[in-house]
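Trainee: I am new to this structure. Please take me through one part of it closely, the charged pairs.

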Amino acid sequence: MKYLDPKADLTFKKIFGNHPKRLISLLNALLPLSEEEQIHEIKYLPTELVPQLEGGKNTIVDVLCTDVRGRKFCVEMQMEWSDAFQQRVLFNASKLYVSQAKKGGKYSELQPVYSLNLINDIFAHDTPDFIHNYRIVHDKDSNKVIEGLHFTFIELPKFTPHSIADKRMMVLWLRFLTEINSNTKEIPSDLLNDPEIGKAVEDLEVSGFTDAELRAYDKFWDSVSVERTLLDDRYQKGMEEGMAKGEEVGKSQRSIEIAKNMLAKGMDEATIQEITGLTEDQILQIQ
């Protein structure tokens, strides 16, 4: 049996885009919801977020739904981290929150928006934590919260099963997302034993995809590979330019120090220019 990777755009939407119970299980497992805040029933919403005002920006998310309380849940699977993605997440969540406001309605009726973002990349290099939850809190008292927008970012490459001890479903869903790929030959029994994850695994079987879908799947990973190559090239170029600039600055600083010593010994400016390569104006500034 061969399987496809659940993190690809095609598979992720197939798994979570039309299976309410499965999506509810994922959201309850990964979002920081209390027992009273657990999701019990959802309705899928169109994933294209149309602007309220003419000329505004259209955006598309991977999966979007609302529950019986009116809360909105936006789920994104992202292969590469960027500051632009973070801004897009903020933009989309804000748009969802504002879209609830109706003419003549009360602000007190606005329901929270939860943004769940699964990142197949590492962006927080200064901490081993892989789950990052954000709310609007007071800068001196984190117990004072402005409710409305909730953001969760999960760095999938940092996840290891032993890093979470008390949240079984969180571990199982993150294992599902990180352990299964095109090299998987056998699925662990504890994943198959969960009803929703077991069905999700079945949806990843290669035999369930058409030739056109498999071509789209391969094209997706090709585009990811190209994007990573471009990012690596830009990073390498930036490093080289930074090193070259550092060497240039260091050389200039050494020339200035030499010029200072030569001036202190009373040497003439022409000789100092010839030896250090500094201009007449630079030597005058040193003086």
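Mentor: Start in helix α1, which covers residues 9-16. Asp9 and Lys13 both sit there, 4 residues apart, so about one helical turn separates them. Keep in mind that this is a predicted model.

Now look at the side chains. Asp9 and Lys13 form a salt bridge. Their closest N and O atoms are 3.3 Å apart. That falls inside the cut-off, because a salt bridge needs the nitrogen within 4 Å of a carboxyl oxygen. The idea behind it is simple. Side chains of opposite charge can pair when their charged atoms come close.

How covered are the two partners? Asp9 has a relative accessible area of 33%, so Asp9 is partly exposed. Lys13 has 32% and is partly exposed as well.

Stay with Lys13. Lys13 also meets the side chain of Asp62 in a salt bridge. Here the N to O distance is 3.9 Å. Asp62 counts as buried, because its relative accessibility is 11% and buried means under 20%.

Asp9, Lys13 and Asp62 are linked in a network of salt bridges. Lys13 takes part in the bridge with Asp9 and in the bridge with Asp62.

Next, move along the chain to another pair. Lys158 forms a salt bridge with Glu155. The closest N and O atoms of Lys158 and Glu155 are 3.0 Å apart. What about cover here? Lys158 has 17% relative accessibility, so Lys158 counts as buried. Glu155 is at 0% and counts as buried too.

These pairs are part of a longer list. The count for the model comes to 9 salt bridges.

For contrast, turn to a spot of another kind. Ile258, Met267 and Ile275 form a nonpolar patch on the surface. Together they have about 270 Å² of accessible area. Ile258 is found in helix α7, residues 211-264. At 41% relative accessibility, Ile258 counts as partly exposed.

Terms used: Residues are numbered from 1 along each chain as its sequence is written. This is a predicted model: local features need pLDDT of at least 70, side-chain atom pairs count only at pLDDT 80 or more; totals for chains, interfaces and linings use all residues. Side-chain values use heavy atoms; hydrogens and water are left out. Helices (H or I, at least four residues) and strands (E, at least two) are DSSP runs, numbered from the N terminus. Buried means under 20% relative accessible area, exposed over 50%, partly exposed in between (1.4 Å probe, protein chains only). Patches are made of residues with over 30% relative accessible area and no salt bridge: like charges are joined within 9 Å, nonpolar side chains (Val, Leu, Ile, Met, Phe, Trp, Tyr) within 5 Å. Accessible areas come from the Shrake-Rupley method with a 1.4 Å probe; for residues, only the protein chains shown count as cover.
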